[in-house]
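Colleague: I have just opened this model and would like to understand the words you use for it. Could you take me through them?

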Amino acid sequence: MPTEAEVYQKYAPDYDLLVQREDYQANILKTLAAMAPLEGQSVVEMGAGTGRLTRLLVPQVSSILALDASAHMLAHARSTLPAGPAAFALADHRHLPVRSRSAGLVLAGWTI
């Protein structure tokens, strides 16, 4: 069985299939929309991983910066999203490549 570090370095497609099952009832987007307006938002997503949440948000928001510490996970996220409002960057939560007040919504799921 791979370690957590190995999963983030080598097994992004498998991890993506696993985490997609968490929202089998399609509640995540509905819950986020109930908490904050999504339409037209500029979003920073910390710990974006394979882009599961990013893929849900892209049709709703004006832009999204998907951040993760794993280049392997971000590469998978890029490969699953069409060109559009999503941008990707390697980042550690302690050093985010964003200006203060540059986003209307900041999200972090399963990462803090």
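Modeller: Of the 112 residues in the protein chain, 37% are buried. This is a predicted model, where local features need pLDDT of at least 70 and side-chain atom pairs count only at pLDDT 80 or more, while totals for chains, interfaces and linings use all residues. Residues are numbered from 1 along each chain as its sequence is written, and side-chain values use heavy atoms, with hydrogens and water left out.

Colleague: What makes Q41 count as buried?

Modeller: Buried means under 20% relative accessible area, exposed means over 50%, and partly exposed is in between (1.4 Å probe, protein chains only). Q41 has 17% relative accessibility, so Q41 counts as buried.

Colleague: Where is Q41 found, and which residues does Q41 touch?

Modeller: Q41 is in the loop between helix 3 (28-35) and strand 1 (42-46); helices (H or I, at least four residues) and strands (E, at least two) are DSSP runs, numbered from the N terminus. Not counting residues up to four places away in sequence, Q41 touches V61, S62, S63, G104 and L105, where contact means heavy atoms within 4.5 Å. A polar atom of the Q41 side chain also lies 3.1 Å from the backbone oxygen of P37.

Colleague: Why is P2 called partly exposed?

Modeller: The relative accessibility of P2 is 36%, so P2 counts as partly exposed. P2 sits in the segment before helix 1 and is in contact with V7 and Y11, leaving aside neighbours within four places in sequence.

Colleague: And why is R101 called exposed?

Modeller: R101 has a relative accessible area of 82%, and is therefore exposed. R101 lies in the loop between strand 3 and strand 4, and has a positive phi of about 60° although it is not a glycine. Most residues other than glycine have a negative phi. A26, in the loop between helix 2 and helix 3, also has a positive phi, near 55°.

Colleague: How do you know that the buried residues of helix 2 line one face?

Modeller: In helix 2 (residues 12-20), A12, D16 and V19 are buried. Seen down the helix axis, the buried residues of helix 2 fall within an arc of 75°, so they line one face; the arc is that of the directions from the helix axis to the C-beta atoms. These buried residues pack against helix 1 (4-10), helix 4 and helix 5, while L17 and L18 are exposed on the other side of helix 2.

Colleague: Which residues touch the most other members of the largest nonpolar core?

Modeller: They are V43, L57, I64, F88 and L107, out of 18 residues in that core. A nonpolar core is a set of buried Ala, Val, Leu, Ile, Met, Phe, Trp, Tyr and Cys residues joined through side-chain atoms within 4.5 Å. Elements that each supply at least two residues of this core include helix 4 (52-57), helix 5 (71-80) and strand 3 (86-90). Apart from it lies another core, of six residues, among them V44, L65, A89 and A91.

Colleague: What makes the protein chain as compact as a globular protein of that length?

Modeller: The protein chain has five helices and four strands. Its radius of gyration is 14 Å, close to the 13 Å from the globule rule for 112 residues, so the protein chain is as compact as a globular protein of that length. The radius is taken over C-alpha atoms, and the rule is 2.2 Å times the number of residues to the power 0.38.

Technical notes:
A polar contact is a pair of N or O atoms within 3.5 Å; within protein, one must be able to donate a hydrogen and the other to accept it, and residues adjacent in sequence count only if both atoms are side-chain atoms.
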